[in-house]
Amino acid sequence: MDKRLRNALTGLTAKDAERRRRAMEPFVRATFGMFIKYLYRYLGNEVECEDVLEDVYADIWEKPERLRNITSEKQLLKTVYLYYMRNRLREVYRRINRNLYLSQNSLKDLIAPEIGALEMVSSSELQDILSQAMGKLKARERRAIELWMEGASNRAIANELKTTVGAVKMLEFRTILKLRKMLCYYNRED
Amino acid sequence: MSDRNREIHELLVDYADALRDGCIPAFLKSLTREEAERIASSWEFWDATEISRILNGVGFADKAVAPNVSLFISRVDAEIASRLKKSKASPPGKRRTRTRSAAKRENRT
């Protein structure tokens, strides 16, 4: 683990609240990029991500006990997700759920799920295994996912692939399931 | 997202689109009772959501990294200061746990 982050963690787990407050700045500087990118997976909205993360850091300052004995960035991210982020993520859409048909449990699973096999793989590792898996897809499947990742609408993807929107949705769904199978296999190999 | 009684593949693609475009609440509100039940009982949907999140993270998470972290740090510090003030002002048992930014977020949704 980076020395700067290790020092910040030591200050952050101190008993004195003022010392913890002073340690927060280097801790945020060392972890902001990692945490916000991770949160973005679940929210897809940078404003929401910053709001949630603000509360997460304040929660860490208030109750830092879980961060004692952290030895790696991976362990830090896992601990922060399980004990701080998930609670905050669950609060994000709690209020609108009064008017939803989705059950509270399904909403929780959608917004703040259990950690899946691939959730803790770092983004650079993920990029590598994703590009390997994409290389094994059929050309049409790969093009659909590439266009989606460029931000294209389903209509635009359908135009590009000369098909209907309904067919594009089915193609994307099947390709995503295919990718899941492949990525789990890569993950197990690692 | 206006179609009613969408099949599971359409629901997954609409969820992935909503995640990518940062409008999950619109997706959640668009669900009918039947669609919500369909989602709850489909393992394929839950399997696919994990990959949707990963694609979203790999493709778009970089844009969430604010160029000015100092501004964000001052927000965190203000939140900590506010909690410190609250903890000094009232005994722990009577403190409200909901924070200012959580209330702000709820108002927005």
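**Entry 1: a helix pair in chain A**

I began with two helices and noted that H7(A) passes H8(A) in a right-handed crossing, where right-handed means that the near helix is turned clockwise from the far one by less than a right angle, and left-handed that it is turned anticlockwise.

For the geometry I looked up helix H7 (residues 139-149) and helix H8 (residues 154-161) of chain A, which pack at an angle of about 145° with their axes 10 Å apart. The axes are lines fitted to C-alpha atoms, for helices over the stretch in contact, and the angles run from 0 to 180 degrees between N-to-C directions.

**Entry 2: what kind of model this is**

I keep in mind that this is a predicted model, in which local features need pLDDT of at least 70 and side-chain atom pairs count only at pLDDT 80 or more, while totals for chains, interfaces and linings use all residues. Residues are numbered from 1 along each chain as its sequence is written, and chains are lettered from A and ligands numbered from 1 in the order in which they are written.

**Entry 3: the two chains**

In chain A I found nine helices and zero strands, both being DSSP runs numbered from the N terminus, with helices (H or I) of at least four residues and strands (E) of at least two. Chain B has six helices and zero strands. The C-alpha atoms of chain A fill a box of roughly 65 × 45 × 25 Å along the principal axes.

I then looked up burial, calling a residue buried if 20 or more other C-beta atoms lie within 10 Å of its own, exposed if 12 or fewer do, and partly exposed in between, with C-beta atoms placed from the backbone. Of the 190 residues of chain A, 36% are buried, and in chain B the buried residues make up 35% of 109. Among contacts between residues at least 6 apart in sequence, 55% in chain A join residues at least 24 apart, and in chain B 64% do.

**Entry 4: where the chains meet**

I noted that 55 residues of chain A are in contact with 55 residues of chain B. On the side of chain A, at least two residues each come from helix H2 (17-43), helix H3 (46-62), helix H4 (73-92), helix H5 (104-111), helix H6 (123-135) and helix H9 (165-189). The largest share, 14 residues, belongs to H2(A), and the residues on this side divide into 29 nonpolar, nine polar and 17 charged.

**Entry 5: the cores**

I next looked for nonpolar cores, each a set of buried Ala, Val, Leu, Ile, Met, Phe, Trp, Tyr and Cys residues joined through C-beta atoms within 7 Å. The largest has 63 residues, of which Met24(A), Leu39(A), Tyr57(A) and Leu12(B) touch the most other members, and H2(A) gives the largest share of this core, twelve residues. Leaving aside neighbours within four places in sequence, Tyr57(A) is in contact with Met24(A), Val28(A) and Val76(B). Apart from this core lies another of eight residues, including Ile145(A), Ile157(A), Ala158(A) and Leu171(A).

**Entry 6: domains and single residues**

For chain A the domain assignment, which is automatic or from a database, gives domain 1 (3-111) and domain 2 (123-189), and their centres, taken over C-alpha atoms, are separated by 30 Å.

I checked two non-glycine residues with positive phi. Asn69(A), with phi near 65°, sits in the loop between H3 and H4 of chain A and is exposed, with 9 other C-beta atoms within 10 Å. Lys162(A), with phi of about 55°, lies in the loop between H8 and H9 of chain A and is also exposed, with 7 other C-beta atoms within 10 Å.

Lastly I looked up Gly135(A), which is found in helix H6 of chain A and counts as exposed, with 9 C-beta neighbours inside 10 Å. The C-alpha atoms of Gly135(A) and Lys74(A), 61 residues apart along the chain, are separated by 27 Å.

Technical notes
Two residues are in contact if their C-beta atoms, placed from the backbone, lie within 7 Å. Ala, Val, Leu, Ile, Met, Phe, Trp, Tyr, Cys and Pro count as nonpolar, Asp, Glu, Lys and Arg as charged, and the others, Gly among them, as polar.
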